[in-house]
Amino acid sequence: MFLPNIPTSEEVIDKAFRRAKKAAARVRTSKIHRQQKSKRIEEVRVQTACQVIKDTFEEILEKTPHVEELPMFYQDYIDVAVGVDDLKKSLGALNWANGVLEKLQNQYTFKIRRSPPENASQVRRAAFGRISSVVKRISDELDFLNYAKQKLRNVPTVDTDATTAVIAGFPNVGKSTLLRQITNAEPEVADYPFTTKGIQIGHFELRWQKYQIIDTPGLLDRPVQEMNQIELNAMVALEHLADLILFIFDPSQTSGFPVENQINLYWEIKKIFRNTPVRSIFNKMDLADDEENIKYIEQHIDTSDKPLMVAASEGSGISEIIKILEEFNRENKINRGE
């Protein structure tokens with residue numbers, strides 16, 4: 001989601017008054033009777049200033065997507081990142097300002113026309129004071145919209161037509177490495193927790209079917225209400241995008257998280273997303289020296305969820321994952337009667 005450029009209140013006022021001054025300069029060179037020219041100059045300054053501000057705000061409103069018309073993934077992502085209600089409130093403030101400016105434009109244009117020529121500049125100065133006051137009154141809302149623009153500039157673009165698998169699991173279990181091996185994506189990978197700071201998306205195509213693999217930030221086994229923003233972004237991806245969840249276990253525990261905690265998170269994901277199939281993948285099998293860890297996980301997960309053993313860093317087991325995705329897509333089509 002891309003928001004347009006959001007100026008500060010000072011920038012809006014400065015732009016409006018500069019344009020108004022230029023418009024007035026053009027009137028000064030026109031062939032109007034001197035008595036009427038002074039009033040016309042001030043009238044044009046008020047009209048131009050108001051119109052410039054209204055056009056600026058209207059452009060922001062027109063170029064900002066209507067949240068309620070976006071897919072639910074984007075609606076929830078925006079809510080997690082900046083708050084949908086706060087965004088709507090700030091956009092509503094621009095609508096309010098435009099309504100007030102329209103009234104001020106009409107009011108002070110009328111006053112200038114009715115005033116003696118020698119009083120026209122005084123009326124215009126009063127109008128400029130009121131105009132500035134209106135814009136400054138929504139200064140916080142403009143600042144918030146600029147903040148929202150920065151926070152939402154990297155919202156991922158998702159393909160709603162593709163079969164989508166979301167990779168979930170603790171930090172540093174190899175999710176980003178797995179994504180890079182399966183698809184053409186190039187996420188940044190580092191050997192410490194919370195390496196994936198945003199949702200990463202990769203794509204591939206097989207037998208004319210598009211597949212989308214999403215790497216979520218690492219999740220911790222704690223209640224949703226206690227999760228931080230990075231974790232909440234991951235939950236949004238899981239809830240609205242996943243046709244299939246690939247849950248990554250690290251039996252080697254080199255990620256720094258005991259297998260017991262990983263199992264707890266697995267069941268939490270299964271409980272929250274009960275309508276989404278989950279496939280277990282045991283990663284870092286090249287480092288998993290303790291057979292007991294592997295057996296322990298197998299004994300404490302869904303018995304119908306047969307785990308796939310891979311070593312993503314070496315590319316081992318990747319072709320089997322792709323086969324699983326292809327089989328899942330084929331079964332899905334059969335179930336949908338396609």
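Guide: What follows is a walk through the salt bridges, pair by pair. This is a predicted model, in which local features need pLDDT of at least 70 and side-chain atom pairs count only at pLDDT 80 or more, while totals for chains, interfaces and linings use all residues. Residues are numbered from 1 along each chain as its sequence is written, and side-chain values use heavy atoms, with hydrogens and water left out.

A search of the whole structure gives 14 salt bridges, each being a side-chain nitrogen of Lys or Arg within 4 Å of a carboxyl oxygen of Asp or Glu. One of them joins the side chains of Glu 42 and Arg 124 at 2.8 Å, N to O. This pair links distant parts of the chain, since Glu 42 lies in helix α2 (residues 34-63) and Arg 124 in helix α5 (residues 120-137), 82 residues apart; helices here are DSSP runs of H or I with at least four residues, numbered from the N terminus. Both Glu 42 and Arg 124 are buried, where buried means under 20% relative accessible area, exposed over 50% and partly exposed in between, with a 1.4 Å probe and protein chains only.

Lys 63 and Glu 59 also form a salt bridge, at 2.8 Å from N to O, and both lie in helix α2, 4 residues apart, about one turn of the helix. Lys 63 is partly exposed at 48% relative accessible area, and Glu 59 is partly exposed at 39%.

In helix α9 (residues 259-272), Glu 268 and Lys 271 are 3 residues apart, and their closest N and O atoms lie 3.8 Å apart in a salt bridge.

Methods. Helices (H or I, at least four residues) and strands (E, at least two) are DSSP runs, numbered from the N terminus.
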